[in-house]
Amino acid sequence: MEKKVTVKDVAREAGVSVATVSYIMNNRTDQKISSETRKKVLQIANLLNYRPSHAAISLATGKSNVIGIAYHLDPYTPSRNMEITTLANMLIERMNRMKYDILFVPVTADEDTISANRNINAVIAIDLTREQFVNLSEKCFVPVINVDMIVKDDLFYQIYTDYPYLISQAKDILGGDSYLLTDRYANENFFSFITENFPAQRAVSMSGFSEKEAKNLTGKKVIVIGTFLALMIRPYVRDDDMVVIASEENLRLLPDSVKVIRNDISKKANLTMNILLNALDRNFEVNHDCRVR
């Protein structure tokens with residue numbers, strides 16, 4: 001088995017101290033190191049295929065480079081699950097690209113699985129109930145970025161899709177009275193925000209698919225949130241009577257005959273990353289309430 005290259009190996013080959021190698025690999029700017037020495041150390045580290053451990057980075061920078069992510073998938077909300085996993089995968093890809101490790105945080109986490117004991121720098125929470133959010137926020141003392149959640153607390157960031165805006169665009173396409181068809185969202189305030197412009201009898205939650213409810217939509221104009229849900233009701237609703245709010249990543253699953261309003265999940269992921277980086281830098285001047293259109 002090939003021996004793992006250590007910081008001592010790099011220091012020996014470069015003819016410098018272990019501390020100097022550590023400073024250079026962790027991009028410390030508070031130490032006076034010549035450009036020639038920096039270049040030599042980086043070249044040798046590259047030749048030896050040396051990679052600093054996360055423990056070394058944590059000691060050198062005071063940060064663990066670990067971001068927690070918390071969400072819950074409900075077997076009765078397939079469209080919602082598809083959107084959550086698409087968003088989570090985008091966030092994980094972006095965080096990995098920036099050299100962050102990701103730790104999944106159970107939504108029922110206790111002190112043994114959270115922040116201080118795992119050196120988490122921040123947590124991204126996606127569509128949690130109020131109870132789950134309170135449990136999480138009371139047990140971790142790091143920035144919590146709430147996605148597709150309205151928590152009504154100025155201490156926390158919240159980033160969410162502006163569904164009423166997208167729904168208004170869908171209404172303009174359909175014309176006349178329409179029904180809203182959606183999976184139920186875990187975050188109660190966000191679900192109320194989504195359905196606020198529909199009478200209760202015309203906002204249909206299809207969590208736990210009901211063929212009877214689907215048949216009742218036949219001949220009606222329907223706005224559908226989610227690709228999977230749209231595919232489920234296509235046998236009952238004509239394409240001309242339907243507008244689907246869907247992410248671009250899942251559009252290929254729908255036929256060209258279905259009218260679509262784009263739900264820009266990629267934009268939401270990018271904004272979440274921007275807020276996260278500001279929070280990690282302790283820049284709290286950014287907007288804490290962000291709607292994505």
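Reply: A cavity is a set of points, on a 1 Å grid over the protein atoms alone, where a 1.4 Å probe fits but cannot get out. Rolling a probe the size of a water molecule over the atoms shows where empty space is left. The model is a predicted one, in which local features need pLDDT of at least 70 and side-chain atom pairs count only at pLDDT 80 or more, while totals for chains, interfaces and linings use all residues. Residues are numbered from 1 along each chain as its sequence is written, and side-chain values use heavy atoms, with hydrogens and water left out.

By this rule there are two cavities of 30 Å³ or more, where a volume is the space filled by probe spheres set on the grid points, which are joined across faces, edges and corners.

The largest cavity holds about 90 Å³ of space. Its lining (residues with an atom within 4 Å of a point) consists of 14 residues, and those closest to the centre are Glu83, Gly226, Thr227, Ser247 and Asn250. At least two lining residues come from each of helix H5 (78-97), helix H11 (227-233) and strand E9 (242-246); helices (H or I, at least four residues) and strands (E, at least two) are DSSP runs, numbered from the N terminus. Helix H5 contributes the most to this lining, with three residues. Sorted by class, the lining of the largest cavity has seven nonpolar, six polar and one charged residues, where Ala, Val, Leu, Ile, Met, Phe, Trp, Tyr, Cys and Pro count as nonpolar, Asp, Glu, Lys and Arg as charged, and the others, Gly among them, as polar.

The second largest cavity has a volume of about 40 Å³, and the residues that line it are Ser79, Arg80, Glu83, Thr182, Asp183, Tyr185, Ile225 and Gly226. Here again helix H5 gives the most to the lining, with three residues. By class, the lining of the second largest cavity splits into two nonpolar, three polar and three charged residues.

If you set the two linings side by side, you will find Glu83 and Gly226 in both: they are among the residues closest to the centre of the largest cavity, and they also line the second largest cavity.

Methods
1 Å grid on protein atoms, 1.4 Å probe; cavity = no way out; pocket = protein on both sides within 12 Å on 5 of 7 lines; lining within 4 Å.
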